[in-house]
Amino acid sequence: MSATQTVKPWQLKVQGLTKIYGAYNERSVQLTGPKYDTNICPETNSIVACADIDFELFPGEVLGIVGESGSGKSTIVKQLYFDLENTAGAAFLAKYGEGDINILRESNAKKRFIRNQLMGMVYQNPREGLNFLFSSGGNIAEKLLMAGEFHVGKIRQRASTLLERTEVPTARMDDSPNHFSGGMQQRVQIAKAIANNPPILFLDEVTTGLDVSVQAKVLDMIRELQRDLHISMLVVSHDLSVIRMLTDRTLVMKNGRIVERGLTDQILQDPQHAYTQLLVSSLL
Amino acid sequence: MIEAKKFQRSYNYAFIDEATKKEIRRKLLKAVCIPGYQVPYSSPEMPIARGWGTGGLHITLAIIGREDVLKVIDQGSDASVNACNLRDFIQSTAECAVTFDALEASIIQTRHRITEERLRADQIMVFQVPLPEPLRDVEPYEKKTREMHAEMDYAKMWVSLYEAYVQYGALMDGAGYPVMVNGRYIMSPSPIPRWDVPNLHDSDCIYLFGAGREKRLYAIPPHTQVQPLEFEDVRFHIERFLGTPCAHTGEELAFLDELYNDQGEKSHVINDSNYLDKLQAGEVVFQHINPYLTQIKDERNANR
Amino acid sequence: MEKILEVKGLEKQFLLHILNDKKILALNDIHLTLHRGEMIGLVGKSGSGKSTLMKCLYRTYLASAGQIVFFSDSLGPIDLIQADDHSILQLRKKEITYCAQFLSVIPRVSAVDVVAAGLYGRALPDGDSAQAAARSLLARLELAPDLWDAYPATFSGGEQQRVNVAKALIANPRLLLIDEPTASLDQKTKDIVIDLILELKAQGAAVLVISHDAYTLDRLCDRQIELKNGKIESPIYP
C-alpha cells in the first residue's frame, strides 16, 4: 500500500473541460462566452460549445446543470459519457484508478468498461439509450452481459427486479420498447442505466418532451432511486422546477461557461449573476 | 499452359494467374496467423457466378498442385450437380487426381458440411461461405462490425442470443452457429449443422474459409480453441438421431437427412455420402470424437 | 456554556441586475452569539430582516460581508459564508436544520415521507425506521392519521404547518432555525409544538426562533433580539 494513497472525497472531478467544433486558434476561447453573448469565435468561426468547465460531484449528491439551448450543458455530459470527444481538459473518477487517471484519454476498451460499470446514462430521446430491436429485458441484459454475467436465469431475475423497481410491468419484459409510451421508455432507460449499480448517473433532459403527468412520474422515480441507492447524479435540464425538485447543488451555464454555481436553494432564492436572476425570474 | 478445348484459349495452371494466386496465398497466411479474423481479398472473377462457391474455388485453386488429390462435396454429397461441376472444373485446370474417399483426399472443398470422418494433419478442408460476418444480423453497418471485431465488443451478439432464447426457447436452431475462435474472434463457421461445429475444435487438419461474394477469407489452424457461444445455464447441443436410425445402415451416431418418399413416408439416411458408402461396404471408418457425440453415445449405450 | 454560533458584522445586500442594478440593504452589522441549549427569539416588524437573517445563517442567502462561525461537531469551527457548498450540504444533513415559515410543498410526496426525509442521511435508532419515527411524531402533533399518506398540497395551513414542524424536529439538530413555528396553529397544537421544541432544547440543541406570538416567545426564549430595518435594535431580556 503506497503511503501517498488517499481516498478522493469526490466521486467525479472535471477539470478544464473544453469542446470546440471547427478549426480554432488560441484566442477562440477568450473571444467567446457570456461576456460576448456568443459561442462562435469571430476570428475562426469555430463553435466553442463549452470551455474551462471545472466541478466536482460528491458521493450521494445530486448536481444540476441548468442553462438554455447552446449553453453547453448537454455537451458536458456527452463528453463525460464518451459520446463526444473532448478538445481539452480532464475528468477523473474516484472509483477508477483511484481518481488519478484522466478517463477521457483512456483506450476504447477501458472506456467501455467505465461506461458499463461506473456510469449510467439516461438520454432525452430513448432511442439513443435503448436498442429498439431488442426487448426491454434484452436492453438490460446487454449491460449485465458486458459486465460478465452469462447466466440467463440470473440475468432475467435482475432485469425483472429492475423493471419492477422502475414500475415497468414485468409482463412486458420480452417486448420491444417500440410500443411503450414515452414515459415507460424512459423508465426502461433508467432501469438499464442502473443495472450494474454504477456510482454515477447522468440524466440529460430526461423529462423534456414528456406529458406533464408522465414527467411527474419519472421525476418521482428518479428521486426515490436516488434516495434508496445513494447514487451521485448529474442532472442536466433547462427546466428550473426539475432542478429544484431533484438537485442539491446547481451550475448555471451560458454560452458554454459556468456563470454561477451554488446550493440549489440559494441559486433559486438569492441568484447573484444577472443571467441567473433572469432565468429565475422567468419561471412561470 | 493448358489447352482448353472449347475456345482454343490458354489458361494459367489452375485457372487463376500467378500474381493473384500469390495475393490469395498471402491473405491465407494472414488468416492462419489470426484465427477467426476475416481477411479482405481480391476475389477475382471466376467462370461461375457469385453465390455458387467462388470463395471456396479461389482458395482451392490458389493452393492446389498436380500431386494433390481433390474431393468436392455439396451438403455431404460428392454426386450433386454443383459438386460435380466444381470438381470437373478444378480437375481440368489443375490436372490433379480426384476421389470420393475423405481419407484419400489432400484437399476437400465443401459446401455446408464437415466430413463425418476426422481429417489428418496432412489434409486441408476448404469451406464455401455465403455470409462471413456473424454480426451482420445485429449490426448492418460494415464499419461498425469491423470496429466490434477489432475491439472485441460482442455485447450485441450475446444479446441477440439471449433474445433468441427468450423468444424461441433455444439459442439457435439452424445452421451456422456462431463460435468463439482462440478466445478472441467470433466467427461464422458457414452454414454447417450444429452436429459439425464441435469438430472445428482442436483439429489435426487446417480449415480454410472463403467467401467470394463478400471478399473475405478466414482460417482455423490445427489445434485451435473453438467454442460455440453459449450461456452458463443455456448450453449448446448437437442434433440427436437416437430412435431414428439410418434406413440403410441402422447408424444413429452420424448426421442424418430426413427424407420423404412419394407416399409421404419418412426415413433417415446418412448425409455424408462417402461415409454411407464405407459403412455399407463394411469398411473401417475414423469418425470424429467430441464430447457432445460421446455424451450421446453414452446415452445410447445406457439405454440398451 | 459552549458556543455553537457566532455571527460578526453580518451584512446582506441584494443587487438586482434585472431591476437596473438596484441595491437593497437588507441586513447591516448583525452580531449574535448562540450557545448550546440556548434559545433566542428574533422579533421585529415585517420586513425588518428576520427571515433574511435566518436564511443567511442557513446559506440560502449569500451574505455580502461578515462572518458566521458555526462550531461544528464534524468540521470544527467553520465560517458558513466562506465554506464550500459540499460542506454546507453536510452540515445541513447532520447538524443544522431550517424550518421555513411555510411548508415547501414537493409534489406527490406523502406527509409521512416528507417528515421521514428529515432523517435522510442520519443514523436511526435501533429497530426503528424513518417511517415509523415520522408516524409517531405526526401522531404526537395530532395530525389525523388518514392524512399521513396523503399529499400535503391539499392540506389546510395548520395541517401543513404540522408537517413542516415535524420535518424540522425529527432529526434532532444541533442548531435549529425555525421561522414562525406556531403561526396558524390552535392553542392546543401550539403547546404541543412548544413542548417539542423545549425537549429539543433540553437535549442541548441551540434554537433561533422567529415569532410574532408573545405567548410562544415567552414560553420558549431565554432572550430576544429585536431587528429594525435590518439592524439590531436592542437585545431584550425577559
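**Ground rules.** I am working with a predicted model, in which local features need pLDDT of at least 70 and side-chain atom pairs count only at pLDDT 80 or more, while totals for chains, interfaces and linings use all residues. Residues are numbered from 1 along each chain as its sequence is written, and chains are lettered from A and ligands numbered from 1 in the order in which they are written.

**Which chains touch.** Chains B and C share no contact, and their closest C-alpha atoms are 37 Å apart.

**A with B.** I found 17 residues of chain A and 13 residues of chain B in this contact. On the chain A side, helices H2 (108-117), H4 (136-146) and H5 (152-165) each supply at least two residues. H4(A) gives the most, with six residues. Helices here are DSSP runs of H or I with at least four residues, strands are runs of E with at least two, and both are numbered from the N terminus. By class, I noted eight nonpolar, six polar and three charged residues on that side of chain A. In this scheme Ala, Val, Leu, Ile, Met, Phe, Trp, Tyr, Cys and Pro are nonpolar, Asp, Glu, Lys and Arg are charged, and the others, Gly among them, are polar.

**C with A.** This contact takes 15 residues from chain C and 19 residues from chain A. Helix H2 (residues 85-94) of chain C gives the most to its side, with four residues. I sorted the chain C side into nine nonpolar, three polar and three charged residues.

**Cores.** A nonpolar core is a set of buried Ala, Val, Leu, Ile, Met, Phe, Trp, Tyr and Cys residues joined through C-beta atoms within 7 Å. Buried means 20 or more other C-beta atoms within 10 Å of a residue's own, exposed means 12 or fewer, and partly exposed lies in between, with C-beta atoms placed from the backbone. The largest core has 162 residues, and those touching the most other members include Phe202(A), Leu234(A) and Val115(C). Strand S2 (residues 47-57) of chain A gives the most to this core, with six residues. Another core, of 47 residues, lies apart from it and has Leu28(B) and Tyr207(B) among its members.

**Two helices in chain B.** How are H1(B) and H2(B) set against each other? Helix H1 (residues 18-33) and helix H2 (residues 54-63) of chain B pack at about 105 degrees with their axes 9 Å apart, so they are roughly perpendicular (65 to 115 degrees). Axes are lines fitted to C-alpha atoms, for helices over the stretch in contact, and angles run from 0 to 180 degrees between N-to-C directions. Leu28(B) is among the H1(B) residues making the contact, and Ile59(B) is among those of H2(B).

**A sheet in chain B.** I traced an open, antiparallel sheet of three strands in the order S9-S8-S12. Val179(B) has Pro228(B) as its bridge partner in S12(B).

**Gly9(C).** I ended in strand S1 (residues 3-16) of chain C, where Gly9(C) lies. Gly9(C) counts as exposed because it has 12 C-beta neighbours inside 10 Å. His31(C) is 22 residues away in sequence, yet the C-alpha atoms are 5.7 Å apart.

Note on methods: Contact = placed C-beta atoms within 7 Å. Pairing = 2+ DSSP bridges. Parallel < 35°, antiparallel > 145°, perpendicular 65-115°, else oblique.
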